[in-house]
Amino acid sequence: MGHHAETTDCKAQRVTRCLRTRISGTSEIPIMATNGKAHYSNLQLCGSVWSCPVCAAKIAEVRRGELRHAVDTHLAGGGRVVMVTLTFPHYKRDKLEVLLDQFKSALQKLKGGRKYEAFKAAIGYLGSIRAIEVTYGENGWHPHAHELWFLPPVLDDYDSNTQLQADLLELWRHAALKAGFPAPSVEHGCHVQDAESAAEYIAKFGCEPSWEIARELVNANTKHSRDQKGMTPFDLLRHYLSGETSAPVRFLANPAQAGQLFVEYATAFFGTEQLYWSKGMKARFNIAKISDEEAVQESDDVAIEITTLNIAQWRSVLYARYETRGIVLQIAENGGHAAVHSFISTLKVAPKSRPKKSKCKPLDSVRAIKRA
Ligand SMILES: [Zn+2]
């Protein structure tokens with residue numbers, strides 16, 4: 001959305017400070033250990049669920065817990081949960097921002113219709129939780145919606161998912177056509193799967209492979225599997241970051257294009273809720289409303305201090321090769337306080353920095369992660 005451009009830039013600037021800039025009022029960077037994993041303290045976290053891999057992983061952990069709680073509670077009470085997936089035909093030339101607006105309008109048309117109301121009554125629909133996701137593949141951007149539907153135990157007319165899927169597809173086709181899409185196909189337009197698929201989806205929700213392992217995976221990935229599945233936005237980001245060293249992807253001209261696509265994605269999704277709980281659902285399952293910014297700070301685990309870095313030491317870590325922040329954490333985990341300080345004494349001293357007055361450019365968030 002064009003009118004979001006300015007705010008997107010501000011958010012992008014927050015991404016560039018994520019895990020780099022101190023929280024104001026602090027004068028050192030403690031390195032803490034939680035369950036044996038080292039992490040920094042006193043650093044700003046951006047809370048960008050769409051564009052920051054570090055924060056997205058933390059937020060996903062909280063959201064997964066919420067989803068799991070709702071589904072488990074409902075199943076334990078004898079209820080039924082199905083996972084509904086809705087998609088529509090699209091083309092390589094389509095702009096994501098346009099597709100996304102059109103998709104949201106199709107979903108509104110579906111849910112606003114009188115026939116849909118009757119359908120909901122017939123299946124005893126109680127509510128749903130929706131995630132809109134996107135991958136990029138052979139036919140360009142592929143937005144799709146996953147919804148967990150909360151239903152009563154069994155209804156005579158809908159004892160199998162087949163009837164449910166057939167009826168819903170009919171409604172979805174009408175809504176999609178009204179929103180200006182070509183008709184969703186019988187094979188792909190609408191899928192209804194049982195609770196097991198829902199549970200599997202929740203278990204994997206927001207789980208990107210960890211940064212280091214992922215980089216190897218991208219390189220090792222067979223072209224075949226990646227081309228078939230399409231790439232997630234963070235796949236695109238990783239492909240951009242690994243540059244010429246990564247295996248070529250058939251539907252991408254080069255890694256630079258992956259960077260541009262990532263920016264297109266981050267801009268299009270900015271400001272969207274990652275999960276949409278239908279009215280009354282959070283209350284039904286006693287889920288507190290936690291913002292992304294709060295979710296990123298959440299942790300019940302006890303952290304123990306391994307060591308602490310002063311400002312000059314932290315600046316030399318940031319000044320060194322981009323993976324140095326990760327290396328320092330590894331050293332802290334394995335060798336503790338003394339090992340960290342002997343490593344840091346080998347780093348170059350960072351030159352005095354002048355306050356930057358940089359204007360945020362579209363690719364800044366991507367570059368920032370490359371530096372990170
Ligand atoms: Zn972040």
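**Figure 1. Helices α13 and α14 cross with right-handed geometry.** The model is predicted. Helix α13 covers residues 311-319, and helix α14 covers residues 324-344. Their axes come within 12 Å and cross at roughly 140°. That angle makes α13 oblique to α14, because only angles over 145 degrees count as roughly antiparallel. On the α13 side, the contact residues are Gln313, Ser316 and Val317. They meet Thr324, Arg325, Val328 and Ile344 of α14. By class, the residues of this contact are three nonpolar, three polar and one charged.

Figure 2. Leu347 lies 23 residues away from Thr324 in sequence. In space, the two are 9.7 Å apart, C-alpha to C-alpha.

**Figure 3. Helices α9 and α10 cross with left-handed geometry.** Helix α9 runs through residues 233-242. Helix α10 spans residues 255-269. The pair packs at an angle of about 145°, and the axes are 8 Å apart. Helix α9 contributes Pro233, Leu236, Leu237, His239 and Tyr240 to the contact. Helix α10 contributes Pro255, Ala258, Gly259, Leu261, Phe262 and Tyr265. Nine of the contact residues are nonpolar, two are polar and none is charged.

**Figure 4. The largest nonpolar core holds 61 residues.** Which members touch the most others? They are Cys55, Val82, Ala106, Leu148, Leu236 and Phe262. Helix α10 gives the most to this core, with eight residues. Leu236 belongs to α9, and Phe262 to α10. Leaving aside residues up to four places away in sequence, Leu236 touches Tyr136, Met231, Ala258, Leu261 and Phe262. A second core is separate and has 13 residues. Its members include Ile306, Leu309, Trp314 and Ile344.

**Figure 5. Leu19 has a positive phi although it is not a glycine.** The phi value is about 55°. Leu19 is found in the loop that links α1 (5-17) to β1 (28-34). Leu19 counts as partly exposed because it has 16 C-beta neighbours inside 10 Å.

**Figure 6. Asn42 is a residue other than glycine with a positive phi.** Its phi is near 65°. Asn42 is found in the loop between β2 (37-40) and α2 (53-76). With 18 C-beta neighbours inside 10 Å, Asn42 counts as partly exposed.

Figure 7. The protein has 372 residues, and 29% of them count as buried. How many of the contacts between residues at least 6 apart in sequence join residues at least 24 apart? The share is 75%.

Methods: Residues are numbered from 1 along each chain as its sequence is written. This is a predicted model: local features need pLDDT of at least 70, side-chain atom pairs count only at pLDDT 80 or more; totals for chains, interfaces and linings use all residues. Axes are lines fitted to C-alpha atoms, for helices over the stretch in contact, and angles run from 0 to 180 degrees between N-to-C directions. Helices (H or I, at least four residues) and strands (E, at least two) are DSSP runs, numbered from the N terminus. Angles under 35 degrees count as roughly parallel, over 145 as roughly antiparallel, 65 to 115 as roughly perpendicular and the rest as oblique. A crossing is left-handed if the near helix is turned anticlockwise from the far one by less than a right angle, and right-handed if clockwise. Two residues are in contact if their C-beta atoms, placed from the backbone, lie within 7 Å. Ala, Val, Leu, Ile, Met, Phe, Trp, Tyr, Cys and Pro count as nonpolar, Asp, Glu, Lys and Arg as charged, and the others, Gly among them, as polar. A nonpolar core is a set of buried Ala, Val, Leu, Ile, Met, Phe, Trp, Tyr and Cys residues joined through C-beta atoms within 7 Å. A residue is buried if 20 or more other C-beta atoms lie within 10 Å of its own, exposed if 12 or fewer, and partly exposed in between; C-beta atoms are placed from the backbone.
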